[in-house]
Amino acid sequence: MNTNTKEMNNIFNEIKTEREYQDKRFGADRDLHPFVWNTILTEEVGEVAKECLDFVKEDNVTDDLAISRMREELIQVAAVAVAWIECLDKYYIKDDKTILS
């Protein structure tokens, strides 16, 4: 796969925008247990799966709305993953990447 930097930057900007939205909605300082982050991420992945199932069920290979909803959910998955990593880095990992006890 040839990686287009402009396209990747556009996607990363969308993820950043979604992260900012999540911070406004849920608060920026979310010190959640990894189990809770896993639950949130799994719920988001489940929404992607639902959109995929709906896409197949509707048998609309060219359904722009279904593709748009899948993409939107994937941006949310990526944003939640970034939030989880930020939490780990802030609360569980020192600057030198050693695990805090």
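Is arginine 19 buried or exposed, and what is its relative accessible area? Arginine 19 is buried, with a relative accessible area of 7%, where buried means under 20% relative accessible area, exposed means over 50%, and partly exposed lies in between (1.4 Å probe, protein chains only).

## Basis of the model

This is a predicted model, in which local features need pLDDT of at least 70 and side-chain atom pairs count only at pLDDT 80 or more, while totals for chains, interfaces and linings use all residues. Residues are numbered from 1 along each chain as its sequence is written, and side-chain values use heavy atoms, with hydrogens and water left out.

The mean pLDDT (the predictor's confidence in each residue, from 0 to 100) is 87 for the protein, and 88% of its residues reach 70 or more. Confidence is lowest in helix α2 (residues 34-58), with a mean of 89, and highest in α1, with a mean of 95. Where pLDDT is low, the predicted coordinates should not be read in detail.

## Overall architecture

The secondary structure consists of 3 helices and 0 strands, where helices (H or I, at least four residues) and strands (E, at least two) are DSSP runs numbered from the N terminus. Along the sequence, the protein follows the pattern α-α-α.

Of the 101 residues of the protein, 25% count as buried, and the accessible surface comes to about 7,600 Å², of which 59% belongs to carbon and sulfur atoms; these areas come from the Shrake-Rupley method with a 1.4 Å probe, and for residues only the protein chains shown count as cover. Among contacts (heavy atoms within 4.5 Å) between residues at least 6 apart in sequence, 70% join residues at least 24 apart.

## Helix α1 and its buried side

Helix α1 (residues 5-26) has 22 residues and reaches 31 Å from its first C-alpha to its last, close to the 32 Å expected at 1.5 Å a residue, the expected span being 1.5 Å times one less than the number of residues. Within α1, Ile15, Glu18, Arg19 and Gln22 are buried. They lie on the same side of α1 because they cover an arc of only 105 degrees around the axis, the arc being that of the directions from the helix axis to the C-beta atoms. What covers the buried residues of α1 includes α3 (64-91), whereas the face turned away from the buried side carries the exposed residues Lys6 and Lys24.

At the start of α1, a side-chain oxygen of asparagine 4 reaches to within 2.9 Å of the backbone nitrogen of lysine 6. After α1 comes glycine 27, whose phi is positive, near 100 degrees.

Arginine 19, found in helix α1, touches Arg30, Ala79, Val82, Ala83 and Glu86, not counting residues up to four places away in sequence. The C-alpha atoms of arginine 19 and valine 82 are separated by 7.9 Å, although these residues are 63 residues apart along the chain.

Arginine 30 is found in the loop between α1 and α2, and at 16% relative accessibility arginine 30 also counts as buried. The side chain of arginine 30 reaches the backbone oxygen of glycine 27 at 2.9 Å. With residues up to four places away in sequence left out, arginine 30 touches Arg19, Gln22, Asp23, Trp37, Ala83, Cys87 and Tyr91.

## Helix α3

The 28 residues of α3 should span 40 Å at 1.5 Å a residue, and the end C-alpha atoms of α3 are 41 Å apart, which agrees. The buried residues of α3 include Ala79 and Ala83, together with Met70, Trp84 and Cys87.

Serine 68 also lies in helix α3, but is partly exposed, with a relative accessible area of 38%.

Conventions
A polar contact is a pair of N or O atoms within 3.5 Å; within protein, one must be able to donate a hydrogen and the other to accept it, and residues adjacent in sequence count only if both atoms are side-chain atoms.
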